[in-house]
Amino acid sequence: MNKKYDAIIIGAGVIGCPISYELAKNGYKTLTVDKLADAGMGSTAASCAIVRAHYSTVDGVAMAYEGFKYWLDWENYLGNVKDEKGLARFMNTGSILLKSQGHDWRKVKSNYDVVGVDYEEWSVERIKEAVPVYDLHEFWPVRRPEDPKFFDPPTRMLEGAIFCPEGGYMSDPALSAHNIMRAAEAHGSEFLFNVEVVAVRDDGNRVTGITLKDGTQFDAPVVVNVAGPHSYKINQMAKGVWDGCNIKTKALRHEVMHVPSPEGYNYLEDGYHTSDGDVGCYYRPEVGNMFLIGSEDPKCDPQEWVDPDEFYAGKGGQGRDNQLTEAQYKAQSYRCARRVPDMQIPNQPRGVVDLYDCSDDWIPIYDKTDLPGFYLAIGSSGNQYKNAPVAGVLMAELIDKCEKGLDHDKEPLQFKLRHIGRTIDAGFFSRKREINYNSSFSVNG
Amino acid sequence: MFDAALFYLRPHVIITDPMNIYVCVKHVPDSAATIRIVEPNQIDENITFLLNPYDENAVEAAVQLKADSDDTDVIAVTVGKPAAIDTLKSALAMGADRGIHVVTGYWPDSIVTARALQAAIIKDGLPDLILTGKAAIDSDGYQTQFRLAAALDIPVATHVGSIARNDNSVTVTCGLEAGGEQVIRMRMPCVIGTAKTLNTPRYPTLPDIIKARKKEIREVSIDHLAIEPPDSRMEIIALKSAVQKRRKQMIAGSIEESVTELIRRLKGEARIPLS
C-alpha cells in the first residue's frame, strides 16, 4: 500500500520548502523529496541570495518588493520556529543600481514608482561618499579581458545610481531553506532526502504520485516540480507536460568569484550590494571581507548549457564542473576591478560554480500544467531566490484554487501580494506565455 | 659556452649597478584543480594553471628588495610551454620589471630546467641574487634550485624565512626540521629558495595588471640556448592519483562523553592543536 499525501513537492530548495510550508499551513499533508541529503543543498546553496527589487517588469518588481517584507521579518515569517542550525540572517546593506547603459534603469525607476518601492536617487558624489573605493567612470560596453579594448581608459562618468535601502542579501542561502523546512515541519510537512524521482505517475486523467529509484511509490493528487536545474527532466517524466509548455527550461552553468576587498576597506561591514550593468557584474560583501562577484550575463560572456546529472557527477569535462575557469575568473574579477581599482586579485581563483534553472526568457514559470494536479515552480533563472517566500504563497494559492476548479489558463489567478497590497496577474508566469521580450534575458530577470 | 660564461660570472662578487635579481618561477596546475591522468605519464592540462604559490614568496621578496634599493632590476624567468607566459605576466603584475620565457614544447625535468635557467640568466645579464620558491607544488622535487646553483657554481640556501642584504652578501635564516633555524651568510651572487614564512605575497590590482601588460617579456626557444644535453635525465613513466583512505570511527556515549572523546582523538591521533 503506497503512502498517501495531499501534495508531493519535488525539490527541497529555497522555493520547494516555502511551497511545502504554505501548503501545510493551508491544511495539506505534504511530502517533499530531494535527491540530496538536506534542504537547500542543491543550487540553492550556491545562490548569491541577493535581495533586490529592480526587475525589468512591474510584476517582477512587485513580487520582489513583496519578498523584502519576508526577509526583513524572517523570524515571524518562520512562525518563530527553532532550527538547531540557527537562523539565516538578512544582511540589510541596501542595494545600489548604477545608472548605466547596461540596465534599463529608467524602466526600473518607473516600475519602482508604480509599485511604491522606497528608493533614493544618488549622484556620483553621493555614491562616492557611500563607497569611496568605486571608480565611477563609464566603462561601457561590457568587454572581456581578451579584447584589447577592455583596457582602454574611460572618458566619461556615470550618471549616478538608484539606491534601494531595503535591499541586501541573506547570510546563508542553504540555511534559509533549512529554516523554512523546519517551519514547514512544525505544520506537519514531511521531508525525505537522498531519494531520486524516476517516474511521475498518472491514471490517464491526472497525476497520481511519484516513483523513486528504489521502487518506492508515494501517491498524491498534487505533485509540484520544484527540481531546480533538474526541472526539465522531471517535466519530461510527466505525461504531456513538456509538450504543453511553450516556455522550456534548461540548466546553465554559472560561476561566482570571491575576490579580496581593497586593503584598508571593510567591504563586509561598510559595503553595499551593487548591480553594475556598466561592467556586466553584480557584487556584494562576502565573509572574509571579500567581494562576491557574479556575471549579469552580458552578450560577450559565453553561455554553457549542461546536463545537470553530468555536471553534478563531475562528467562535464575537466575544469567544467565545480571549478572556476581561468577565463571567466579573469573576466568577472577584472570587470569588477574596473569599478574597484584597488581590489586585490589573487593568482589563484576562488569561488563557486553551479547551475541556473533557466527559462527561455529568464522569467520563472509558476503555473499548473496540461496534466491535472501537476504544477510547476521552475525556471528561476538565477533571479528568484529573493522571491522564494512569495512564490510559496503564490503556488499554495494557485494549487488550492485550481484543485477547487479554477481554470487558471483561461482566467488567470489574480494574486494579491499581502504586504504591499498590490495584485498581480499570475498568468504573467504562465508556461504557455509567449517569450516576454520585456525581460532582460539575464540574471536580472 | 658555459665555461666562458662562468668565467665572467665567478668574479662577480661586487654588487653591480643596477642590481639584478632573477626570480625563477614555474607554471603549475592550480592546487584546487581536479587533476585527471589521461596518459600513463600525463595529465589533462585543460585546467587552470598559475604561478607556483611558493614562487609567489620569491617574487614578493624580490619586489621588497627592489623597494629598498633604488636601482634594482627584477627579472622573472620561466621554462615551459607557451602557456607559461601567463605565469610571467602574474610575476610582472606583482612587481617584477621584465620577464624571460624559455619556451619548450614539453615540461622538462629539473636537470634540463636548471640548465635552461642558467643559460637564459647568463645570456641576459649578471645575477646578484637568484630567488625561487622552495619547491614547485606539482613535481615537489626540491631539486632545481640546487642544480641551478651548482651549474653556476654559487652558494644556495633553501627554506629561507628571512633575508638581510649587506653590501655584497646576504644573511638568511633557514628553517630546519623540528622547528630549528640556521643563520647563513652567503656572498652574492647566490641562490635563495624562499619559505612560505618569508612574507605574505601581495595580490596585484587591476592597475598593476594593466601596467604589467606593457612590460617586456623576452621569449627564447630552449633550442636556441644550446644547453648541454645531460648524460642522463629523469623520465616520468607513470602518474597515479593520490588515494585518501578514510577510516570510520564511531564514538559512543552521551553527548558530553562523545565530545570529550572526540576532542581527545583530535588532539591525539589527528594532532590538531586544539586549545
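Two strands pair if DSSP finds at least two bridges between them. Strands (E, at least two residues) and helices (H or I, at least four) are DSSP runs, numbered from the N terminus.

The model used here is predicted: local features need pLDDT of at least 70, side-chain atom pairs count only at pLDDT 80 or more, and totals for chains, interfaces and linings use all residues. Residues are numbered from 1 along each chain as its sequence is written, while chains are lettered from A and ligands numbered from 1 in the order in which they are written.

**Exercise 1. Find the pairing partners of strand 1 of chain B, and describe how its two faces are covered**.

Step 1: begin with strand 6 (residues 72-80) of chain B, which pairs with strand 1 in the parallel sense over 6 bridges. Within this pairing, B:Val23 stands opposite B:Ala76.

Step 2: turn to strand 8 (residues 129-133) of chain B, which also pairs with strand 1 in the parallel sense, over 4 bridges. Here B:Ile21 is opposite B:Leu129.

Step 3: check burial. A residue is buried if 20 or more other C-beta atoms lie within 10 Å of its own, exposed if 12 or fewer, and partly exposed in between, with C-beta atoms placed from the backbone. In strand 1 (residues 19-24) of chain B, 6 of the 6 residues are buried.

Step 4: sort them by face. In a regular strand the side chains alternate between the two faces of the sheet. One side of strand 1 of chain B carries B:Met19, B:Ile21 and B:Val23, the other B:Asn20, B:Tyr22 and B:Cys24, and all are buried.

**Exercise 2. Explain why helix 3 of chain B counts as largely enclosed**.

Step 1: count. Helix 3 (residues 85-94) of chain B has 8 of its 10 residues buried, so it is largely enclosed by the rest of the structure.

Step 2: name them. The buried residues are B:Thr87, B:Leu88, B:Lys89, B:Ser90, B:Ala91, B:Leu92, B:Ala93 and B:Met94.

Step 3: look past the end. B:Gly95 follows helix 3 of chain B and has a positive phi, near 130 degrees.

**Exercise 3. Work out the strand order and edges of the open sheet of 6 strands in chain A**.

Step 1: write the order, which is 10-3-2-14-22-21, with mixed pairing.

Step 2: pick out the edges. Strand 10 (190-192) and strand 21 (365-368) of chain A each pair on one side only.

Step 3: zoom in on one pair. Strand 2 (residues 7-10) and strand 14 (residues 223-225) of chain A pair in the parallel sense over 3 bridges, and A:Ile8 has A:Val223 as its bridge partner in strand 14.

**Exercise 4. Locate A:Gly79 and say how exposed it is**.

Step 1: count around it. A:Gly79 has 13 other C-beta atoms within 10 Å, so it is partly exposed.

Step 2: A:His187 is 108 residues from A:Gly79 in sequence, and their C-alpha atoms are separated by 9.9 Å.

**Exercise 5. Describe the side of chain B that touches chain A**.

Step 1: count the residues in contact (C-beta atoms, placed from the backbone, within 7 Å). Chain B gives 21 residues and chain A 18.

Step 2: find the elements. On the chain B side, strand 5 (49-51) and helix 6 (206-213) give two or more residues, and helix 6 has the largest share, 5 residues.

Note on methods:
Two residues are in contact if their C-beta atoms, placed from the backbone, lie within 7 Å.
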